[in-house]
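These notebook entries record what I looked up in one structure.

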Amino acid sequence: MTERIKSLLDRTFAKEQKKFRRDHDWKPLLDTFIAAKANDSARARMGLVAMLKAEQPAFMEGETIAFLRTVKQIPDLHSDEEMAAFRAAGTAFGEKGVVFNLTADFGPTIRDGLLARISEMEARIARCRAEGDAEGVTFLSDAILSTTAVLELADRYRAAAAEQGFTKVAETLAQVPARGARTFHEALQSLRILHYAMWCEGEYHCGLGRIDQYLYPYLEADLAAGRLTEETALEELEEFFIACNRDSDLYIGVQQGDNGQSVMLGGVTRDGKPAFNLLSRLALKACGELKLVDPKINLRVDKSTPMEIYELGTELTKAGLGFPQYANDDVVIPALQKWGYELEDARDYSVAACWEFLIPGCGMDINNIDAVSLPSCLDTVMRGEGRAPARPETFDALKESLRAEINRRCDALQEKYKHVEIFPGPFVSVISTGCIERARDLSKGGKYNNFGIHGTGIAVAVDSLAAVRELVFEKKLVTMEELVHLMDTDFEGRPDILAAARHAPKMGNADAAADDIAVWLVATWADALKGRRNDRGGIYRPGTGSAMYYIWHANELPASADGRLKGHPFSANYAPSLDVPVKGPLSVIRSFTEPDLGPVCNGGPLTIEVHDSAFREPDGVEKVAQLVKFFVDRGGHQLQINSINRETLVDAQAHPERHAHLIVRVWGWSGYFIELDKPFQDQIIKRVELAV
């Protein structure tokens, strides 16, 4: 790391960028929208224009890649009353209702420049007028004005940079984003501006996609021409990564750090050739040196991936970053094909924000529109509620009642989202595939328009089923009615039953008594959404992720049959239940790769916590890398590994001032432990540390 990068890093950690920020009252703008009864497209355009006009050029000493937020708040485009009226009329939204949780098609616009996009739109709008396409005229008019606003801010930055002596910034902004990038540095600056503008428009959880593919030609050309060496290229990439952390505390998320700034490295190209390259390698090295939470690294691998690449990824795990998150091409690409994605697109997959798979630029999938709590489904049927009003009298009857209840929950979600609207995003549409040619905003749909549903608490549901089978039907220690009563009272007065529940077979120990149930439950969950279609022409994709629901859904339930007490959280994503003694990481991987994971490939990684002592031995990196390869060879779909130490986490909770830079993997993203709310901290502390 150069002295310049170290200085930028230190000052970013110290939050020096906050001195440029100010509050802004956007209520008058919202009042204007309401008074004028402005349509949604106009609001999106006017909101972005106003936001960018309010922004003031600001620079950090020594930087050569510019743009940081100076206005803390982004304009609200609709009032609470308007949103309530939409919902009352039967309209459903994904979260805030805007385009979100996706990756734009940055590459072509970095290559061509925004002026080229404006020229395309001007030609297309002429056709719309000739064809009488009023909707197309509206979209393209707003998109042109939105793009012009981005260019105007870039020009103000250029002028301010020249005036303040930031010569390299000024020279770069004279070229990009108006015109196509010619160098690696220009490409990085252009990407920074395009990504920044998406957030200013109101999109959030905006991924950066496959940067090692669309930025690599610039690096390759600079190296060939002698403009860069690997060392100077690393310095430029590290500065870009630092820039990604300047505004991240302003980005919307359930917790600080949950901002969706993810990148995908490696895998294969659209024509199926190995894609890991020098830029992939430099990105891993940059993350290892900087030790920042952004960007979050995802690494695509398969059975043929060289062990060296696994070891490069494991070096970041050793550094305590909680990433890379691994995605297995051998599982994901065929799964996407079965869901209707074209082969070239499936090969080009990335992640939306955390771990939900999507195709950059052409995917308008809402990958986390809702979730089903599988332990809640089981709780319902154990009580004789739901579709099977009588308590099941055999274990097979219990399973069939559970299948019916899961289907009922999916029916309810399909009804809930029978009409989904997304508010326009004129600028993000400009940098997304096909919108200009179609003359339609991305909110109207992309090439793919699927909905993703999380299946939460899989391990809790499996373990609870195993406990019911043993306690009620095999050993007959209690009746179903008695067990439900004990669940309502946290097993009060029956420590023997609580102990028996906790000693029943558990998922994660390579125990067929639990794993066979897991195979059945995962298949049942996949079948529950198979064949369902949404009103946007897409399908429903089941996943094994949980997002933040592992806290929320757990809080809604009493104790469960596996011995989990009321208020005790589920495991995050696809992982052993908390506090369950497991034999080790190999047994966990064996259990969690027994089910066929292709049909539930919306995303949702197996999450393993490895004690940081695993890396104190000389061969620690090699062993953990072999563990990742074992997961891939076993047919796992997605994996993330946390290197943690419970004593360190407990101390950080008690003395946060000592651990300002302690990073942990939360559910599909890494964040600073001391910035998390206590329930999320507590859940991480309770996770099982495994020795390797």
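Entry 1: I counted a residue as buried under 20% relative accessible area, as exposed over 50%, and as partly exposed in between, with a 1.4 Å probe and protein chains only. The model is predicted, so I note that local features need pLDDT of at least 70, that side-chain atom pairs count only at pLDDT 80 or more, and that totals for chains, interfaces and linings use all residues. Residues are numbered from 1 along each chain as its sequence is written, and side-chain values use heavy atoms, with hydrogens and water left out.

I looked up Arg192 and found it buried, with a relative accessible area of 2%. Arg192 belongs to helix H9 (residues 184-201); helices (H or I, at least four residues) and strands (E, at least two) are DSSP runs numbered from the N terminus. I then listed its contacts, meaning heavy atoms within 4.5 Å. Neighbours within four places in sequence aside, the partners of Arg192 include Ile65, Phe67, Phe240, Asp247 and Tyr251. Its side chain also reaches the backbone oxygen of Ala243 at 3.4 Å.

**Entry 2: helix H17.** I checked how well H17 (374-382) is covered: nine of its nine residues are buried. Among the elements covering them are strand E8 (366-373), helix H18 (395-416), helix H22 (480-488) and helix H24 (512-529). At the start of H17, I found a side-chain oxygen of Ser373 within 3.2 Å of the backbone nitrogen of Ser376. After the helix comes Gly384, with a positive phi near 75°.

Entry 3: I took a cavity to be a set of points, on a 1 Å grid over the protein atoms alone, where a 1.4 Å probe fits but cannot get out; lining residues have an atom within 4 Å of a point.

H17 and helix H21 (458-474) each supply at least two. The lining includes Pro375, Leu378, Asp379, Met382, Val460 and Ser464. By class, I recorded eight nonpolar, two polar and one charged residues; Ala, Val, Leu, Ile, Met, Phe, Trp, Tyr, Cys and Pro count as nonpolar, Asp, Glu, Lys and Arg as charged, and the others, Gly among them, as polar.

**Entry 4: salt bridges.** I searched for a side-chain nitrogen of Lys or Arg within 4 Å of a carboxyl oxygen of Asp or Glu.

Asp345 pairs with Arg270, the closest N and O atoms being 3.0 Å apart. Asp345 lies in helix H16 (residues 343-347) and Arg270 in the loop between strand E3 (262-266) and helix H13 (278-290), so the pair ties together parts 75 residues apart in sequence. Asp345 is buried at 3%, whereas Arg270 is partly exposed at 33%.

Asp411 and Arg532 form another salt bridge (2.8 Å, N to O). This pair links helix H18 to the loop between H24 and strand E10 (540-543), 121 residues apart. Asp411 is partly exposed at 30%, and Arg532 is buried at 12%. I also noted one network, joined by salt bridges that share partners, of Arg210, Arg270, Glu342, Glu344, Asp345, Asp348 and Lys447.

Methods. 1 Å grid on protein atoms, 1.4 Å probe; cavity = no way out; pocket = protein on both sides within 12 Å on 5 of 7 lines; lining within 4 Å. Polar contact = N/O pair within 3.5 Å; in protein donor to acceptor, adjacent residues only side chain to side chain.
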